Amino acid sequence: MGLLTNVINGVSLGSVYAIIALGYTMVYGIAKMLNFAHGDIIMVGGYLCFCAVQYLGLPPLVGVVLACAGCTCLGIVIERLAYKPLREAPSLAVLITAIGVSYFLQNSALLIWKSDPKVFPSVVKLPTLSFFGGQLNVSPLSIVTVLTCIAVMVGLTLFTQRTKMGKAMRACSEDKGAAQLMGIDVNATISMVFAIGSGLAAIAGVLLCSAYPTLMPTTGSLPGIKAFTAAVFGGIGSIPGAMLGGILLGIIEIFAKAYIGTELADAIVFGVLIVVLLVRPAGLLGTFVPEKV
Amino acid sequence: MSMLEVSDLNVYYGSIHAVKGVSFEVNEGEIVTLIGANGAGKSTTLNTVAGILRPRSGSVEFEGESLVGVPAHKMVQRGIALCPEGRRVFGNLTVRENLEMGAFTRPDDEARETRREVYERFPRLKERRHQLAATLSGGEQQMLAMGRALMSKPKLIMLDEPSMGLAPILVAEIFDIIKSLNDDGVTVLLVEQNARKALSIADRGYVLEVGGVTKTGTGADLLHDDDVRKAYLGG
């Protein structure tokens, strides 16, 4: 039963990584930039939900919606102020800016919410489910997390494959110049992707903080880096890749913790990434598009 | 009054003066071609009309309104479509999705109707509508690029090197299609390296040399012009 418990925990943690990784991968796909501030949006989402529930006494679900709305706006504003002016700049300049935005968010959080860890109230308040006469206990949060992840995946797939805006997003990811000739407003499309990614980050933040209930200004950093790893693992730019990468990363992490050692878990996670990239440089589901000359 | 009027257009790439005082006009219902060697500024001129590049000076007027400063993504709504050099189809989108993108600014029901017309004009695209555009042959991709441009129901279609890299039989087919588009009332501004073909279907032509217009005339006149024959038609 221990094995099954670990699988469930792994998939659950991986689902959170997957939701964060989707934001990384979609932004990379369209803006060809690594938004290292994405992890800190998770933290902001966590704090917004925390404030709504703890200080305003709102129901958890309303807190989640508020966090989502807040982060969506934050994502749009960050893109507009920090990244849009650098659209034609070398990618290194954009990367440094993203790191700067990340520290800006962390320090702002430090200023507003102070450095002492907040105890995050779980948004899922259901009793633990027991199977096989108490041998297998499944936390309802795990189920909610996995279901949310599935819903996000299905929703995003439908959006990108079926709707006009979703197809325009794919068109922009491939060729912005040609996309604007179609009458697609490329800047608005990039804004939309930041909005979606940041909204998802807020959801991930709430789920993450519910599972690991200490909330600090640096809470988003490590999950952000891991989710970025997951996105690269699955093939950056690929939505199913981010999903697969996230879940696998979660499972590897939990298994490494359970069977090898907590201290080594992160090293093993990144070790696996290195091996995968040696064998498949584009990631599991990524494809290398050769540069046309 | 001419449909498109470009006067004294100057475009720079950084410090390079790519288009030097180019002037030309396109009247409604015409096929007008810009011919000239590599680097003569033909594509730059089209890209400037399309709003991708900004001119340093000069004017571009379409149906009496200035196009200078209008962003590229607002052009299709004004009735101008550019079919860019190198086709630039969306390889990861299906043929049908590419066509849908061409009609991005139009309501879905109108787009469906236009898509039917495009399929009639290019039956091959209909056969391959569920295929990814990247899997099409060069000729099919060119047809898709043209079909995609037509999806916006343009009054003026600008074609940048539509015959580039195609086998002779396909080149002939592409030019037949351009002619038939024009017969159906679409005004065409054509940039071509294949000057002979371009002039043979064009009402009028302009010869561009290192950035400026050096000659203009009807397609037939230019075809028989000694200088043009020597420089662009192989004697």
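## A strand tucked inside

Let's start with strand β3 of chain B, residues 31-35: five of its five residues are buried, so this strand is largely enclosed by the rest of the structure. Keep in mind that we're looking at a predicted model.

Which way do the residues of β3(B) point? B:I31, B:T33 and B:I35 point one way, while B:V32 and B:L34 point the other way, and all are buried.

## The neighbours of β3(B)

Strands of a sheet pair through backbone hydrogen bonds, and they can do that either parallel or antiparallel. β3(B) runs parallel to strand β8 of chain B (residues 187-192), with five bridges between them. It also runs parallel to strand β9 of chain B (residues 204-209), this time joined by four bridges.

B:V32 is a handy residue to look for here. It stands opposite B:L189 in β8(B) and also opposite B:R204 in β9(B).

## An open sheet in chain B

Chain B also has an open sheet of four strands, in the order β2-β1-β4-β5, with antiparallel pairing. β2 (16-26) and β5 (65-66) are at the edges with a single partner strand each, so one side of each has no neighbour in the sheet.

Further in, β1 (residues 4-13) and β4 (residues 57-62) of chain B pair in the antiparallel sense over five bridges.

## Where the chains meet

How many residues of chain A are in contact with chain B? There are 16, and they meet 20 residues of chain B. On the chain A side, α6 (164-174) and α7 (176-181) each supply at least two residues. α6(A) gives the most, with six residues. By type, the chain A side divides into seven nonpolar, three polar and six charged residues.

Technical notes
Residues numbered from 1 in each chain as written. Chains lettered and ligands numbered in written order. Predicted model: local features only at pLDDT ≥ 70, side-chain atom pairs only at ≥ 80, totals over all residues. Contact = placed C-beta atoms within 7 Å. Nonpolar A, V, L, I, M, F, W, Y, C, P; charged D, E, K, R; others polar. Pairing = 2+ DSSP bridges. Buried ≥ 20, exposed ≤ 12 C-beta atoms within 10 Å, placed from the backbone.
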